[in-house]
Amino acid sequence: MLKMQFSQWIEQASELNKEAVIKALLGAKEAMLGIRYHMRLMGEAAGVPIEPESQTKLLDATLNLEGVLLAGVPGAGGFDAVFAVTLGDSSSNVTKTWSSLNVLALLVKEDPCGVSLESADPRTNEITSAVSSIHIE
């Protein structure tokens, strides 16, 4: 599935639980496209290039790469940064494409252990009690 464009993902879902995950990922992708659209509108209304046309072209091309889930402009935008969220090892596609356009990719990966709180840090006391009361479905 990771070697396909997002439009082909749902076609490859062979099990109900896989289909549910793919639909959730596609929902996140659609939400991000909506966010980008509204950020561009907000920038136009304010006269500030939150997602300049050059970045729009880069992000749209990035979204068409295999294994790319999301792409956007973080924060207030303005020519200095973009991001892409990729699945599996498909970040190499993004790195190659961006490098060919003189855009430096700084790769960040998830920690295989997931989220953890270190008990030795006194700042985690309040966090620990809050996290233990959260229920995620």
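This is a predicted model: local features need pLDDT of at least 70, side-chain atom pairs count only at pLDDT 80 or more; totals for chains, interfaces and linings use all residues.

Biologist: How many salt bridges does a search of the whole structure find?

Modeller: The search finds three. Glu-51 and Arg-36 form one of them, at 2.8 Å from N to O. Glu-51 sits in the loop between helix H1 (16-46) and helix H2 (53-63), while Arg-36 is in helix H1, 15 residues apart.

Biologist: Which residue forms a salt bridge with Arg-36 at 3.1 Å?

Modeller: That is Asp-60, with 3.1 Å between the closest N and O atoms. Asp-60 is in helix H2 and Arg-36 in helix H1, so this pair links parts of the chain 24 residues apart.

Biologist: And what does Arg-40 pair with?

Modeller: The side chain of Arg-40 meets that of Glu-51, 3.0 Å from N to O.

Biologist: Which residues end up in one network?

Modeller: Arg-36, Arg-40, Glu-51 and Asp-60 are joined, through salt bridges that share partners.

Biologist: Switching to solvent: is Arg-36 buried or exposed?

Modeller: Arg-36 counts as buried, because its relative accessibility is 2% and the cut-off is under 20%.

Biologist: Where does Glu-51 fall, at 8%?

Modeller: Glu-51 is buried as well, at 8% relative accessibility.

Biologist: What about Arg-40 and Asp-60?

Modeller: Arg-40 counts as partly exposed at 24%. Asp-60 is also partly exposed, with a relative accessible area of 35%.

How values were computed:
Residues are numbered from 1 along each chain as its sequence is written. Side-chain values use heavy atoms; hydrogens and water are left out. A salt bridge is a side-chain nitrogen of Lys or Arg within 4 Å of a carboxyl oxygen of Asp or Glu. Helices (H or I, at least four residues) and strands (E, at least two) are DSSP runs, numbered from the N terminus. Buried means under 20% relative accessible area, exposed over 50%, partly exposed in between (1.4 Å probe, protein chains only).
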